[in-house]
Amino acid sequence: RRSSDLFAPEQTLMERVKWRDFVKALGKSTGHSLVDIVALGSLFATDCQGPGASQEREVTIAHFNDMAYWFGPFVCPQRGSAILAWMKHLNSQLWFHGDIEREVAERRLLHRDDGTFLVRLSKNKPEHPFTISVMRPTANQAGCAPQHKRIRYVHGTGKWYAPVGGGTRCYNSLDEMLQDKECGLITPCPVEEEVKDRKSTRLNS
């Protein structure tokens, strides 16, 4: 099933569809629970834009294509339900911050401890759809600063690849990667924006 099938309900290709209509179409395509699809609204849907926009949320075809690029063929009748279930699991994790820019990730990590991390979606490289942003000690040991590491996910294989110890290591899942002690990922970063200067005294001492 292609994106055009969900964005052409009356055989006329549309750039955006209402969220409620999208939920029904995706449920019909995959056989997946509508309740579970609704729970993915923060990933799929955005507020309507433009003059006279309604309060109803919508899904744009551009963002739909981004979602397929990040997560795989979630509209596929054979694999879609399993991918949507994984997306729900991912979206429930404290460390998963979704589609945010590098600058937003750095604000959320600001003033946090070494090993505090988050996982975000990335559009820069097709073969690296996810990025881990993590706090690491600075070269002069005057505190911590964010570092960003792209991780590779191969759709259809379930294999994940991350830079570890100067090389590349393969994992069977994202959770397995994050739990590897050699990755040094200790504390999930909350979604709240920058923490106030609770460490400023220690960093400047």
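# Rings and cores in a predicted model

Reader: Is F130 buried or exposed in this structure?

Author: The model is predicted, and the relative accessible area computed for F130 is 0%. A residue counts as buried under 20%. F130 is therefore buried.

Reader: What kind of pair do the rings of F130 and Y153 form?

Author: The centres of the two rings, F130 and Y153, lie 6.4 Å apart, and their planes stand at 90 degrees. An angle over 60 degrees puts a pair in one particular class. The pair of F130 and Y153 is therefore edge-to-face.

Reader: How many residues apart in sequence are the parts that F130 and Y153 tie together?

Author: F130 belongs to strand β6, and Y153 belongs to strand β7, residues 144–154. Both residues are buried. The pair joins parts of the sequence separated by 23 residues.

Reader: How many aromatic pairs does a search of the whole structure find?

Author: Some of the rings are linked into a cluster, made of W19, F22, F44, F64 and F74. The search covers the whole structure, and its total is 15 aromatic pairs.

Reader: What type of pair is F71 with F130?

Author: The ring centres of F71 and F130 are 6.0 Å apart. Their planes meet at 80 degrees, and over 60 degrees is the cut-off to apply. The pair is therefore edge-to-face.

Reader: Which helix and which strand does the pair of F71 and F130 link?

Author: The two residues are 59 apart in the chain, and the pair links distant parts. F71 is buried as well, at 1% relative accessibility. F71 sits in helix α5, residues 61–71, and F130 sits in strand β6, residues 128–137.

Reader: Which residues touch the most other members of the largest nonpolar core?

Author: In soluble globular proteins, nonpolar side chains tend to be buried together. Here the largest such core has 41 residues, and helix α6, residues 80–91, gives the largest share, five residues. F71 touches, among others, L43, W86, M87 and F130. The core members that touch the most others are F44, F71, F74, M87 and F130.

Reader: How many residues make up the second, separate core?

Author: This core includes I100, A105, L118 and C189. Its size is seven residues.

Reader: Within what arc do the buried residues of α7 fall?

Author: Helix α7 spans residues 102–109, and V104, A105, R108 and L109 are buried in it. An α-helix has 3.6 residues a turn, so residues three or four places apart point the same way. The buried residues of α7 are covered by elements including β4, β5, β6 and β7. They line one face of the helix, because seen down its axis they fall within an arc of 135 degrees.

Reader: Which ring does the charged end of R152 sit over?

Author: The charged end of R152 is 5.6 Å from the centre of the ring. Within 6 Å is the distance cut-off for such a contact. The ring belongs to Y161.

Reader: In which helix is confidence lowest?

Author: The mean pLDDT of the protein is 85, and 84% of its residues reach 70 or more. Over residues 197–205, pLDDT stays under 50. Where pLDDT is low, the predicted coordinates should not be read in detail. The lowest confidence, at a mean of 40, is in residues 200–204, helix α9.

Methods:
Residues numbered from 1 in each chain as written. Heavy atoms only, no water. Phe/Tyr/Trp six-rings, centres within 6.5 Å; stacked < 30°, edge-to-face > 60°. Helix = DSSP H or I, 4+ residues; strand = E, 2+ residues; numbered from the N terminus. Buried < 20%, exposed > 50% of the residue type's maximum accessible area, 1.4 Å probe, protein only. Lys NZ or Arg CZ within 6 Å of the ring centre and 35° of its normal. Core = buried A, V, L, I, M, F, W, Y, C linked by side-chain atoms within 4.5 Å. Contact = heavy atoms within 4.5 Å. Arc of directions from axis to C-beta. pLDDT = per-residue confidence, 0-100.
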